[in-house]
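Keep the viewer open as you read.

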Amino acid sequence: MRQGRNTKRKAGRTAECPLPKPFQDLAPYLAWSLPTERERSAKRQASTMAEITAFYQAMLPRMEEVLPYLAQFSPENTPADVKSLFFLTLSLAEVAPAVENFGQPSVVEGYDIARFIPVHD
Amino acid sequence: MAAVAPVSHHNKWHDRYPELGTKPIPIEPYISREYFEKERERIFSKVWLNIGRVEQIPQPGNYFVKDLAVCHTSILVVRGKDGAVRAFHNMCSHRGNQLVWDKQGTCQLFACKFHGWTYALDGSLRHITDEDNFFGLKKETLGMTPVAVDTWEGFIFINVDPNPKETLAEYLGEIGTGITGYPFDEVSVTCFSWQTDLKANWKVIKDSFQEVYHISTLHRRTVGNVFAGRSNAYSHALDFTLFPRHGRISLFGNADRQPTAVESLAQRYGSMLVKHDFSVEKMPKGVNPTRDPSWSVDGNILFPNCLIYVSEGTYLTHILWPLAENRTWWEVRVYYPKATTLAQRFSQEYSKIIFRDLLMEDGSTMERTQSMLGSGAKQEIQLQDEELLVRQHHKVTETYLNA
């Protein structure tokens with residue numbers, strides 16, 4: 001009986017349901033669901049503007065639903081699927097300046113971001 | 001149609017502080033090794049330096065290590081069993097090995113990796129391996145060498161002068177009392193921090209963050225229109241107040257600014273629920289000192305190397321550690337209250353990322369500036385009225401070096 005319950009709980013966290021149900025349309029962008037700034041920053045720098053823009057344009061219109069949904073959860077004890085969605089929004093924050101300010105992945109004429117070490121990750 | 005600005009000498013801040021003069025200042029302090037060594041000896045070895053915050057060591061037994069190359073030492077800061085914060089030179093009394101090799105941690109005793117001498121959290125020597133084989137050692141005289149330490153609003157300051165000439169409170173003076181009461185403890189719960197080894201003199205970095213004249217040019221892609229607007233095209237400060245060594249700049253924020261799409265989301269979902277009341281009447285006198293409704297942020301520039309920018313619901317620090325006349329270990333920390341929801345955490349992330357990216361605009365500029373300062377092609381830099389703090393720093397430094 002206990003084993004059955006465990007299996008049922010585990011199934012909720014498998015690849016079949018990586019994002020909360022209302023946001024499964026964002027599943028093609030799961031590669032952007034990264035837990036640390038270092039990883040998100042590296043992905044932004046390694047992506048083309050076309051890839052960044054595609055992700056940005058997929059996320060932005062959904063954010064009016066995503067953010068009220070995430071506002072229900074505290075940073076502690078977040079379910080895995082909610083966490084995946086949350087990390088997508090952090091990547092949106094990471095790429096936003098590339099789209100909205102620079103028109104390119106890196107800061108225009110900026111310092112090498114790889115030298116600016118995030119201690120908080 | 002744009003109005004033509006009258007040709008005039010606008011020097012209202014320099015009028016307030018005529019003793020500073022209005023002449024250019026020399027480049028030599030930014031490139032000279034000899035000057036660097038004098039700064040080390042006559043400033044960094046004598047004054048109170050901010051090396052951390054109490055949130056880093058909340059529990060007894062917590063410690064962190066701060067390497068201070070500029071003071072030729074490494075400092076161990078530890079929360080004792082009695083709850084007190086103590087600081088020591090990170091050095092074993094036996095043959096001088098560095099006692100603690102990691103950056104932070106928790107323990108009950110510090111054991112030297114070389115021969116196993118062991119120290120308590122209060123710095124006293126507890127155990128000498130093979131003690132009987134020594135010649136009349138007095139353990140009680142062989143504790144870790146203490147370093148003067150004190151805290152202000154949760155900031156931990158040390159002074160490596162064995163006999164500091166003044167207390168921390170005396171050193172901070174009015175700039176400290178002016179912002180005491182800002183809710184540092186509530187806003188320090190979340191800290192995002194970056195560090196880098198930058199190829200520029202520490203004063204080149206400091207200068208970048210003690211004037212806003214560059215914002216509408218260098219940061220035109222990021223925050224150019226945050227600190228400038230139709231009523232204030234050149235980001236003129238709301239106020240400059242100079243103290244004998246420290247200085248404060250109070251900045252205008254452009255209310256007419258249109259946020260970007262993601263920024264707008266961050267603003268709407270980022271309301272920060274904190275216990276403290278951030279309304280201007282409740283803020284200490286030194287925060288938004290002119291009580292201007294267009295206020296955005298104040299820079300509290302603590303001599304020599306610690307800049308504390310306070311704003312509504314967030315603050316940040318720059319701490320600059322000289323490594324050489326043309327190299328600096330630059331530490332940036334942005335603090336936010338605890339995010340109670342993931343939406344608020346997203347909001348903090350956006351704010352932190354756009355800030356980080358604007359620092360990248362400064363970073364490349366500072367290295368290029370340093371590379372040309374070292375050319376010898378020019379001997380002076382020219383300063384305008386809003387670059388008052390650059391001038392003040394130079395004057396205060398000269399006072400220390402010529403003492």
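Predicted model: local features only at pLDDT ≥ 70, side-chain atom pairs only at ≥ 80, totals over all residues.

β7(B) and strand β8 (residues 118-120) of chain B run antiparallel and share three bridges. As a reminder, strands of a sheet pair through backbone hydrogen bonds, either parallel or antiparallel.

Next, turn to helix α3 (residues 33-44) and helix α10 (residues 388-401) of chain B, whose axes come within 9 Å and cross at roughly 80 degrees. Angles of 65 to 115 degrees count as roughly perpendicular, so α3(B) and α10(B) are roughly perpendicular to each other.

From α3(B), the contact is made by B:K38, B:E39, B:R42 and B:I43, while α10(B) brings B:T397, B:Y400 and B:L401. By residue class, this contact of α3(B) with α10(B) has three nonpolar, one polar and three charged residues.

## Chain B and its domains

Stepping back, the secondary structure of chain B comes to ten helices and 19 strands. Its C-alpha trace spans about 90 × 55 × 35 Å along the principal axes. How does the radius of gyration of chain B agree with that of a compact globule? For 403 residues, such a globule would be near 22 Å, and chain B has 23 Å, which agrees.

The domain assignment of chain B gives domain 1 (12-29 + 178-401) and domain 2 (49-163). The centres of these two domains of chain B, taken over C-alpha atoms, are separated by 33 Å. Where they meet, domain 1 of chain B contributes nine residues and domain 2 of chain B seven residues. On the domain 1 side, α5 (184-187) and β17 (315-324) of chain B are the elements that give two or more residues. The largest share of that side, four residues, comes from β17(B).

## Where chain B meets chain A

Finally, let's bring in the second chain. The contact between the chains takes 29 residues from chain B and 32 residues from chain A. On the side of chain B that touches chain A, β12 (190-198), α8 (261-268) and α9 (342-373) of chain B each supply at least two residues. Which of these elements gives the largest share of that side? The answer is α9(B), with 13 residues. Sorted by class, the chain B side has 15 nonpolar, nine polar and five charged residues.

Strand pairing also links the two chains: strand β1 (residues 117-118) of chain A and β12(B) pair in the antiparallel sense over two bridges. To see this on screen, pick out A:I117, whose bridge partner in β12(B) is B:Q195.

Definitions and conventions: Residues numbered from 1 in each chain as written. Chains lettered and ligands numbered in written order. Contact = placed C-beta atoms within 7 Å. Nonpolar A, V, L, I, M, F, W, Y, C, P; charged D, E, K, R; others polar. Pairing = 2+ DSSP bridges. Domains from an automatic or database assignment. Axes fitted to C-alpha atoms, helices over the stretch in contact; angles between N-to-C directions. Parallel < 35°, antiparallel > 145°, perpendicular 65-115°, else oblique. Rg over C-alpha atoms; globule rule 2.2 N^0.38 Å.
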